[in-house]
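Please consult the sequence and the coordinates shown here alongside the text.

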Amino acid sequence: MIDPLLLWILGGTAVGGSLSLLAAALLSFTLLSKWAAPMVSYAVGVLLGAAFLHLLPEAFSQAENIEALFAVALAGLLGFFLLEKAALWRHHHHNVADMHHHGRRSGLLIVVGDGFHNFVDGILIAAAFLTDVKLGVATTLAIVAHEIPQEIGDFMVLLHAGYKRRTALLLNLASSLTSVAGGVLGYFTFDNAQEAMPYALVIAAASFIYIAVSDLIPDMHRRNDSRSSATQIIFISAGIATILLSDQLLHSH
């Protein structure tokens with residue numbers, strides 16, 4: 001017979017990921033789709049805010065070996081650079097004429113990075129349910145609220161990279177399902193999963209930083225008039241503020 005706690009964990013991770021994804025998709029594809037350019041700036045704020053104000057502090061607060069975390073963060077940045085290089089080389093080798101692919105490389109990176117982030121969220125949900133079912137439910141709801149701005153940022157990156165809405169939804173769905181894997185791993189091997197969490201967090205942070213700095217910000221610099229610059233600063237600030245607010249909700253449970 002399946003342990004009821006495992007069913008709670010499976011339900012929490014699957015439903016939680018689906019709710020945040022659907023809410024973000026609804027906003028991204030309807031109300032926010034008309035503001036494509038400003039929402040890229042918002043995505044930059046969300047990605048950098050999530051990396052520097054949530055993922056990295058959480059990783060360093062849990063780690064016993066700080067030097068190892070810095071090494072993994074550096075390896076993550078270099079790894080995403082090489083992954084992007086490989087994608088560009090492969091495309092150039094097979095089809096030089098299609099330049100539309102140039103922006104699509106960031107889509108793969110955001111899916112990989114967010115997959116690590118969701119995987120860690122699954123472990124956190126498992127830990128909460130193993131402590132107390134009520135705490136598990138509260139943590140799941142808090143993570144859903146916390147993930148909505150992050151998912152919006154992901155959708156904006158994918159749309160900006162040239163992906164169709166359906167493809168962006170499917171890629172984000174695949175990324176969100178890693179939370180279920182994290183929940184199952186957390187249930188069966190909680191101690192080992194706890195040890196791996198800081199490293200998964202810094203890899204996710206490295207991907208967010210890399211995408212924001214190497215792919216999105218250079219495109220934003222192409223619009224350098226005073227009005228565009230002011231709009232970019234406002235929306236970057238709004239993205240960071242959203243992460244701060246959602247972080248307070250997450251840590252209040």
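The model is predicted, and local features need pLDDT of at least 70, side-chain atom pairs count only at pLDDT 80 or more, while totals for chains, interfaces and linings use all residues. Residues are numbered from 1 along each chain as its sequence is written, and side-chain values use heavy atoms, with hydrogens and water left out.

**Overall fold**

The protein chain has 9 helices and 0 strands; here helices (H or I, at least four residues) and strands (E, at least two) are DSSP runs, numbered from the N terminus. Of the 253 residues, 44% are buried, where buried means under 20% relative accessible area, exposed over 50%, and partly exposed in between (1.4 Å probe, protein chains only). Among contacts (heavy atoms within 4.5 Å) with a separation of 6 or more, 86% join residues 24 or more positions apart.

**Interior**

A nonpolar core is a set of buried Ala, Val, Leu, Ile, Met, Phe, Trp, Tyr and Cys residues joined through side-chain atoms within 4.5 Å. The largest such core holds 51 residues, of which L47, I110 and L216 touch the most other members. Helices that give two or more residues to this core include α2 (36-62), α4 (101-131) and α8 (190-220). With 15 residues, α8 gives the most to this core. Another core, of 5 residues, lies apart from it and includes I125, F129 and I143.

Residue F208 is found in helix α8 and is buried, with a relative accessible area of 0%. The C-alpha atoms of F208 and G49 are separated by 9.3 Å, although the two residues are 159 residues apart along the chain.

| Residue | Contacts (within 4.5 Å) |
|---|---|
| L216 | V40, A43, V44, L47, V157, H160 and I211 |
| F208 | L47, A50, A51, L55, I110, G113, D114, H117 and Q150 |

In helix α7 (residues 178-188), S179, G182, G183 and G186 are buried. Seen down the axis of α7, its buried residues fall within an arc of 100 degrees, so they line one face of the helix; the arc is that of the directions from the helix axis to the C-beta atoms.

**Surface**

The accessible surface of the protein chain comes to about 12400 Å², with 70% belonging to carbon and sulfur atoms. Accessible areas come from the Shrake-Rupley method with a 1.4 Å probe; for residues, only the protein chains shown count as cover. L7 is found in helix α1 (residues 4-31) and is partly exposed, with a relative accessible area of 46%.

Note on methods:
Lists of a residue's contacts leave out its neighbours within four places in sequence.
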